[in-house]
Amino acid sequence: MSFGTIRAFGAPFGLLVLSLIVAFPAPAGAIDKEQRQLMADVRMLQEQNQQLQNILGSIVEAIKSVNTRIDDQARVTGKAMADQKLTIDNLTGTVPEIREKLDDNNVRLGSLNQEVEALRQGLQQLNARPLVSDATTSETGAGGTTGGNDNGALPAAAPPPVAGLGTSPQKLYDEAYADYVLAQWDLAIAGFEAVIKYFPRSERAADAQAYIGHSYFQGGKNDKAVDAYDLAIRTYPGAPALPEAYYKKGVALRALKRPDEARVAFEYVVKNYPESSAASLAKQGLAQLGPPAAAAPPARKN
């Protein structure tokens, strides 16, 4: 009932209505039941809120754990990548060294193959050399002819031994070469020096001087090898041993960090001995040295 209706019936009617409302209030049991229901709903909401907070806390902890594992994995991955980069950098720096050592080993193997082949040919020549019997030598006549030679010519003989030495240049060279093949570098050098000392004009003198350089080279004494090769080049121009001497001189100079001088030696072999095996190796040496450094421009004059 609205207040307009109460006003329409007048003040007495309004007082009657008010007295009825005061006389008959709402039952107390209905109010108490609503309050209990509201309190139950509040407790349920509080419990649900607590459950949601617990779930949210679990989710936050799970996210923290995942982030921690991601950070740990990132650190491990970063360390592994750094280690891999360091390894790659080390390998990158080591590859030129390995390549240079392989080239040097190839050079030495090539030299050993040549030396083994020369030794094999020398043994074949020794086996094929005819022996002169004592009976033939004893038949030498007063005129210097042998009984078994109708032309009266003496048979070819090796250079005579030096007085007091009891050997020939070939024998002395073979003994030194045997030491060289056995990697007895000091003994080989001493033997080759003996060949030059006692037989300076023999055909083996140039080879002996070149092999002195080879012995120093194989023994890792590159500075002495260069000096020995220079002596062979100066003393025995045109000797068959010079192409290899020039090439190994270049290799020794490269090992001594003297690339410009090494380039000169390699280019000399390629230009003057183009058909030799040393020329092929010298081309490889030039390729490893790379292009020559550009010369600095001349200073301008004021």
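Reader: Why are α7 and α9 called roughly parallel?

Author: Their axes cross at roughly 25° and come within 10 Å. Axes here are lines fitted to C-alpha atoms, for helices over the stretch in contact, with angles running from 0 to 180 degrees between N-to-C directions. Angles under 35 degrees count as roughly parallel, over 145 as roughly antiparallel, 65 to 115 as roughly perpendicular and the rest as oblique. The angle of α7 and α9 is therefore a roughly parallel one.

Before we go on, two notes on the source. This is a predicted model, where local features need pLDDT of at least 70, side-chain atom pairs count only at pLDDT 80 or more, and totals for chains, interfaces and linings use all residues. Residues are numbered from 1 along each chain as its sequence is written, and side-chain values use heavy atoms, with hydrogens and water left out.

Reader: Which hand does the crossing of α7 and α9 have?

Author: The crossing of α7 and α9 is left-handed. That label applies if the near helix is turned anticlockwise from the far one by less than a right angle; clockwise would be right-handed.

Reader: What makes up the contact of α7 with α9?

Author: From α7 come His214, Phe217 and Gln218, and they meet Glu244, Lys248, Val251 and Ala252 of α9. Contact means heavy atoms within 4.5 Å. By class there are three nonpolar, two polar and two charged residues. Nonpolar covers Ala, Val, Leu, Ile, Met, Phe, Trp, Tyr, Cys and Pro, charged covers Asp, Glu, Lys and Arg, and the others, Gly among them, are polar.

Reader: How do you know that α9 is roughly parallel to α11?

Author: α9 packs with helix α11 (residues 277-289) at about 20°, and the axes are 9 Å apart. By the cut-off for angles, α9 is therefore roughly parallel to α11. The crossing of α9 and α11 is left-handed.

Reader: Which residues of α9 and α11 meet?

Author: Pro243, Glu244, Tyr247 and Arg254 in α9 meet Ala278, Leu281, Ala282, Gly285, Gln288 and Leu289 in α11. They divide into six nonpolar, two polar and two charged residues. Arg254 also touches Glu100, as does Ala255, not counting residues up to four places away in sequence. Glu100 lies in helix α3. Between Glu100 and Gly285 there are 185 residues of separation in sequence, yet their C-alpha atoms are 9.8 Å apart.

Reader: What makes the pair Arg36 and Asp32 a salt bridge?

Author: Side chains of opposite charge can pair when their charged atoms come close. The rule asks for a side-chain nitrogen of Lys or Arg within 4 Å of a carboxyl oxygen of Asp or Glu. For Arg36 and Asp32 the closest N and O atoms are 2.0 Å apart, so the pair qualifies under the rule. By this rule the count comes to seven salt bridges. Arg36 and Asp32 are four residues apart in helix α3 (residues 28-128), about one helical turn. Helices, by the way, are DSSP runs (H or I, at least four residues; strands are E, at least two), numbered from the N terminus.

Reader: Is Asp207 buried or exposed?

Author: Asp207 is buried, at 17%. Its salt-bridge partner Arg204, at 3.0 Å, is partly exposed with 26%. Arg204 and Asp207 are three residues apart in helix α7 (residues 204-218).

How values were computed: Buried means under 20% relative accessible area, exposed over 50%, partly exposed in between (1.4 Å probe, protein chains only).
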